[in-house]
Amino acid sequence: MADDLFKLNIDGKDIEVPKHYTLMQACEEAGAEIPRFCYHERLSVAGNCRMCLVQWKGAPKPIASCAQTVGDMRLNPDGTPPNILTSGDYVEKARNGVMEFLLINHPLDCPICDQGGECDLQDQAMAYGRSGSRYALNKRAVENKNMGPLVKTIMTRCIQCTRCVRFAAEVAGVEELGMISRGEDAEITTYLEKSLSSELSGNVIDLCPVGALTSKPYAYNARPWELRKTESIDIMDAMGAGIRVDAKGAGVMRIMPVINEEVNEEWLSDKSRFVWDGLARQRLDKPYVRENGKLRPASWSEALQKTAEALKASKEKTGFIAGDLVEVEQARAALDLARSLDIASTDCRPAGATYGADGVREKYILNPTLMGVEEADALLLIGTNPRVEASVWNARIRKAWLWNDLQVGLVGEGVDLTYDYDHLGTGPADLDGLLKGDSAFVKAFKNAKRPMVVVGEHALVGENGLDVLNAAHQIALDAGAITEEWSGFGVLHNAAGRVGALDTGFVPGEGGLDTKAMLEGGVDTLVLLGADELDLSKLGDTTVIYVGSHGDRGASRADIILPSAAYTEMEATYVNTEGRVQMTGKAVQPKGEAREAWAIFRALSELTGKPLSYDSADQLREQIREHNPVFAGLGFAPGKSGHEALSKAPEKAKTLAGARPFEAPFEDFYLTNPIARASKTMAECSLMKRGLETPVAAE
Amino acid sequence: MALRRFDLEAGGETFAFKAETEPTIAFWLGKYPEDKKRSAVIPLLWLAQKDNNGWLSEPAMRTVADRLEMPYIRVYEVATFYTMFRLQPVGKNHVQLCGTTPCMLRGANDLKKVCEKRIGKKMAVTDDGRLSWEEVECLGACVNAPMVQINDYYYEDLTPESLDEILSRLAGGVDVPPGTFVDRQNSAPIGGATTLKEAALFDGSRNGVSGLPNLPEATKGDNPEPEAKGEPARSKPTNTDREEPSKATVEAADEEVELEGERPAASEANAEGGDDLKKIKGIGPKIEKQLNELGVNTFAQIAAWSGDNVKWVDGYLSFRGRIERESWIEQAKTLASEDKS
């Protein structure tokens with residue numbers, strides 16, 4: 001044990017740290033604060049900003065602490081541990097000099113810079129810089145670069161820390177950013193100013209320690225100190241990344257990631273980060289009723305009355321479908337309302353999906369957990385494209401592939417996942433006898449200590465859905481992925497509301513119809529809970545009641561619209577794909593007359609004559625917890641505790657030969673839900689992705 | 001160094017390596033393992049530049065990137081970092097004029113004016129496409145300053161006139177042989193050798209060797225004229241009459257070393273009977289022993305040394321005037337009188 005540790009004396013304090021630590025980490029361990037620009041704990045060490053200089057007594061020069069490994073340090077001549085000073089005249093002079101060089105070419109435009117107030121350079125110049133400049137010559141100017149619709153560049157401000165270059169190459173896995181030329185002419189750019197093609201490009205904005213890379217949609221919108229900051233949960237995918245919603249007045253100004261090591265580390269996908277302008281567009285801010293084929297604004301009482309009448313018409317011919325973004329509270333209240341009227345046709349799954357009906361939770365969540373991929377040694381992806389379904393998790397898979405030598409195999413559409421994988425097939429048919437193959441991956445997979453099988457939810461939709469699930473489960477069992485220590489089988493969802501709704505039991509009751517049957521005209525009255533990703537064309541003259549926040553496909557078909565709050569406008573419970581229960585925060589008020597959805601169903605229950613038994617969200621949550629204890633554990637993913645349920649062999653899958661190949665989970669990463677479709681930024685991204693010019697000229 | 005950007009217009013759409021370049025590419029790729037082939041990026045960029053009339057177009061750079069399976073941005077970084085990769089078209093003869101301090105002190109600024117007059121602005125190509133120029137940092141030929149590099153060769157020791165002459169000949173499509181443009185060989189002194197000219201320095205005669213083996217055949221005669229100015233004369237090499245100098249002859253040669261002055265007379269008394277010469281400041285046990293060997297044993301002897309004697313002993317002991325500086329004679333006189341008293 002002692003061999004792995006190294007003794008140091010930092011600022012007169014004796015400390016023992018692991019040998020692989022950098023001197024910077026050791027200094028922080030000792031409680032010293034080390035300024036830095038280029039160093040970032042999730043990126044490789046570059047050592048080029050020189051801001052982290054410390055004094056090593058006896059060394060001829062100051063040491064860049066980020067690039068000095070503790071284990072490589074030499075003891076003092078008398079055998080005592082090296083003495084490090086992180087403050088004092090020597091260190092201060094060194095840092096002051098570095099800062100002066102950094103500021104030589106940095107413009108003094110903080111008052112008009114979007115980074116102002118949250119700028120590393122600004123803060124550190126206050127702490128370590130000198131009060132004036134001695135530089136009398138012209139500062140250099142650098143041409144701004146086009147990096148697409150998300151990242152605004154003011155390259156004169158760049159201090160060449162190369163964090164963005166390292167992020168693109170290492171984390172995002174798209175080598176598109178680089179530093180060209182050299183010396184005074186060095187510039188950060190994409191290749192010939194092409195847009196970044198990564199789904200994670202927005203993270204370079206957070207990484208940039210100065211105002212060179214800022215958010216284009218947020219440009220000149222607000223100052224950081226004017227914003228109300230609310231910690232919340234993202235619902236653009238099923239990961240439930242930690243976010244902070246920054247709001248000013250009634251509007252959401254921006255969304256930033258919050259560090260959640262188990263879910264999103266500190267990254268956020270572009271859709272999650274830039275969707276906020278969609279929260280202010282296409283909003284349903286008052287109830288509507290269709291009259292003579294046209295929607296007209298109505299009062300709440302009128303709309304609710306009409307809805308109640310429609311619901312009471314027939315219990316057999318009435319159905320509820322929950323959409324992708326439905327929160328647990330809404331699902332519970334809607335389900336309670338349906339059951340109070342003996343309506344059995346309730347479903348939260350996409351049309352054609354049959355999984356989850358047995359209520360075995362382990363069979364529809366991602367048991368190995370998102371973080372678990374870092375412990376796995378082989379990963380088999382079936383019918384999923386994590387790059388678009390869970391972009392941030394894809395970066396974690398890449399990390400494991402890069403550093404842990406994770407072997408990846410894919411059955412499904414062959415796409416660029418930013419890491420190498422063995423393409424084992426394209427459809428369910430390739431799951432038959434998959435383990436009998438002799439490819440390098442199959443060998444590695446069978447010998448793996450912790451193999452991991454992940455099925456995309458999209459692969460479970462359709463007539464072969466259950467067979468795919470069973471076949472995948474069987475593969476996991478055969479590979480030894482289910483042990484007491486490791487539950488290496490799970491489903492990757494891409495809809496934030498799905499797992500929560502399934503946990504609520506939002507599936508057809510006794511004799512009830514499922515989504516597909518309801519959409520094919522099985523019901524005369526259909527309530528859509530923000531369900532827009534459905535084919536509504538076969539509904540015929542069904543009365544459609546749409547409860548949701550955005551005017552999208554569902555609302556345009558609806559006969560009655562009941563406006564509800566969006567995820568930034570309420571405290572709501574979501575369960576991510578791992579089965580992790582998390583809560584959003586309320587950053588702004590709901591738009592106009594919109595109400596939290598659960599309250600709408602509570603109000604409806606009065607009109608149907610069977611009032612629900614809760615009057616507040618807290619009472620509702622209490623019932624939710626009573627109904628299913630998983631909701632009691634906030635922020636907790638069950639992980640390997642699922643092994644018992646999973647160790648039971650699944651039903652033998654019918655042969656999958658001849659089944660249609662797996663399809664892409666969605667057409668366009670940027671336009672997967674009503675909020676994203678309402679966002680101008682997402683529309684620009686979508687156009688860019690399809691190789692079209694952005695409609696808004698680059699600045 | 002100014003901002004360097006690809007000339008996208010002149011670069012066209014495509015680029016392909018010439019067939020005769022392929023073996024060279026294979027040679028460079030062969031130096032690195034398959035999974036490390038991006039190490040060959042600089043040689044391949046260089047070859048692409050050669051195959052593209054002396055400059056690197058954007059399609060050429062992409063061709064290299066595709067060959068090495070590198071992201072374009074990584075190759076772009078390399079191509080823009082090294083100024084030897086030119087991102088704009090150049091003339092058939094591209095002049096790289098060294099403007100660094102030694103060349104500048106020797107008149108590079110005047111050469112620049114010639115380039116500006118004959119060719120035009122930096123990196124501009126003449127209308128006939130024959131000439132272009134740029135200023136570069138030190139090319140490492142400071143000893144022949146000022147100089148320019150034209151395509152692959154150095155043209156050294158230039159004057160505005162000689163550069164003008166070179167440029168006008170190149171502009172007329174006439175080749176100009178590279179090298180120095182003054183009367184010197186490579187970087188040897190102008191006008192020929194100024195030192196180490198004696199033939200004896202090189203034929204071994206100084207060491208008593210009458211001939212050294214394997215010397216190149218001298219042109220003619222026993223003492224031939226140097227072939228070129230400044231080249232040391234070489235005696236006729238013979239293998240047959242070579243003689244090893246014997247030990248005796250070497251020692252004899254040592255004996256013959258002549259010292260100036262006069263050797264002081266030796267005394268009759270032996271060392272034990274003499275005075276303790278170490279009492280004289282400047283004489284230690286080693287010098288005392290050497291003096292004893294000369295037969296100098298007493299203070300009186302030293303006190304009686306003449307000027308010539310002092311000179312001789314000084315030379316013998318390689319003292320360079322120490323005897324006088326340390327006034328041995330005065331010390332010896334004092335000590336001798338003390339002894340008597």
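**Notes on the model**

1. Domains. Chain A is divided into domain 1 (5–100), domain 2 (105–218) and domain 3 (367–492). Keep in mind that this is a predicted model. Taken over C-alpha atoms, the centres of domain 1 and domain 3 of chain A are separated by 42 Å.

2. A sheet to look for. In chain A, five strands form an open sheet with parallel pairing, in the order S19-S18-S17-S20-S21. Its edge strands, S19 (422–425) and S21 (489–492), each pair on one side only. From one strand to the next, the twist averages 25°.

3. One strand pair up close. Strand S17 (residues 378–382) and strand S18 (residues 407–411) of chain A pair in the parallel sense over five bridges.

4. Salt bridges. Over all chains, the whole structure has 64 salt bridges. One of them joins Arg361(A) and Asp503(A), with the closest N and O atoms 2.8 Å apart. This pair links distant parts of the chain, 142 residues apart: Arg361(A) sits in the loop between strands S16 (345–347) and S17 of chain A, and Asp503(A) in helix H13 (residues 498–504) of chain A. Arg361(A) counts as buried because its relative accessibility is 12%, and Asp503(A) is also buried, at 4%.

5. Another pair to compare. In the salt bridge between Glu28(A) and Arg36(A), the closest N and O atoms are 2.3 Å apart. Glu28(A) is partly exposed at 38% relative accessibility, whereas Arg36(A) is buried at 16%.

6. A network. Salt bridges also link Arg42(A), Glu261(A), Glu265(A), Glu266(A), Glu374(A), Arg396(A) and Lys399(A) in a network.

Conventions: Residues numbered from 1 in each chain as written. Chains lettered and ligands numbered in written order. Predicted model: local features only at pLDDT ≥ 70, side-chain atom pairs only at ≥ 80, totals over all residues. Heavy atoms only, no water. Pairing = 2+ DSSP bridges. Helix = DSSP H or I, 4+ residues; strand = E, 2+ residues; numbered from the N terminus. Axes fitted to C-alpha atoms, helices over the stretch in contact; angles between N-to-C directions. Domains from an automatic or database assignment. Salt bridge = Lys/Arg side-chain N within 4 Å of Asp/Glu carboxyl O. Buried < 20%, exposed > 50% of the residue type's maximum accessible area, 1.4 Å probe, protein only.
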